[in-house]
Amino acid sequence: MCIRDRAWNGLDDEGAALVGKVIQENAIEDIDISHNRVTPIGADKIAAGIVGSSSLVSLNLDDNPLRDEGCAVIIRSLRDNSTVQSVRLLQTGCGRKALEEATQTLRQRQNIELLVPERIALA
């Protein structure tokens with residue numbers, strides 16, 4: 001099952017909490033909720049869903065205001081999930097914390113495609 005066509009629909013943190021629950025409780029393989037309004041608060045809920053999912057394969061969170069904290073929590077959750085193969089976090093405000101989490105996660109999970117910004121603000 002896929003959750004698509006949710007891009008550009010104004011999904012916020014309340015909607016992200018529902019997405020996290022749906023990920024955890026259903027056989028969802030592909031989610032595209034790019035170009036929305038998910039912040040670090042919503043990212044926390046989605047991360048909980050990732051950890052509890054045994055079917056999620058692909059997640060696109062491009063162009064959401066996740067900031068460094070939200071990116072980091074999403075990336076960290078991938079260590080506790082062996083099914084996710086691709087995560088997109090472009091134009092989300094990833095920074096130093098997210099880069100550190102990505103480094104650790106990629107050491108543990110070498111079979112994952114993690115798309116983060118080419119240039120990360122390290123200040």
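Me: Why are helix α1 and helix α2 called roughly parallel to each other?

Reply: In this predicted model, helix α1 (residues 13-25) and helix α2 (residues 40-52) pack at an angle of about 5 degrees, with their axes 7 Å apart. Angles under 35 degrees count as roughly parallel, and α1 and α2 are therefore described in that way.

Me: How do you know which residues of α1 and α2 meet?

Reply: Contact means heavy atoms within 4.5 Å, and by that criterion D13, A16, A17, V19, G20, I23 and Q24 in α1 meet I41, G42, K45, I46, A48, G49, I50 and G52 in α2. Sorted by class, this contact has 8 nonpolar, 5 polar and 2 charged residues.

Me: What makes α2 and α3 roughly parallel?

Reply: Helix α3 (residues 67-77) packs with α2 at an angle of about 0 degrees, their axes being 8 Å apart. Since the limit for roughly parallel is under 35 degrees, α2 and α3 therefore carry that description.

Me: Which residues bring α2 and α3 into contact?

Reply: From α2 the contact takes in P40, A43, D44, I46, A47, I50 and V51, which meet R67, E69, G70, V73, I74 and S77 in α3. These residues divide into 8 nonpolar, 2 polar and 3 charged.

Me: What makes a residue buried, and what percentage of the chain is buried?

Reply: A residue is buried when its relative accessible area is under 20%, and buried residues make up 47% of the 123 residues in the chain.

Note on methods
Residues are numbered from 1 along each chain as its sequence is written. This is a predicted model: local features need pLDDT of at least 70, side-chain atom pairs count only at pLDDT 80 or more; totals for chains, interfaces and linings use all residues. Side-chain values use heavy atoms; hydrogens and water are left out. Buried means under 20% relative accessible area, exposed over 50%, partly exposed in between (1.4 Å probe, protein chains only). Axes are lines fitted to C-alpha atoms, for helices over the stretch in contact, and angles run from 0 to 180 degrees between N-to-C directions. Helices (H or I, at least four residues) and strands (E, at least two) are DSSP runs, numbered from the N terminus. Angles under 35 degrees count as roughly parallel, over 145 as roughly antiparallel, 65 to 115 as roughly perpendicular and the rest as oblique. Ala, Val, Leu, Ile, Met, Phe, Trp, Tyr, Cys and Pro count as nonpolar, Asp, Glu, Lys and Arg as charged, and the others, Gly among them, as polar.
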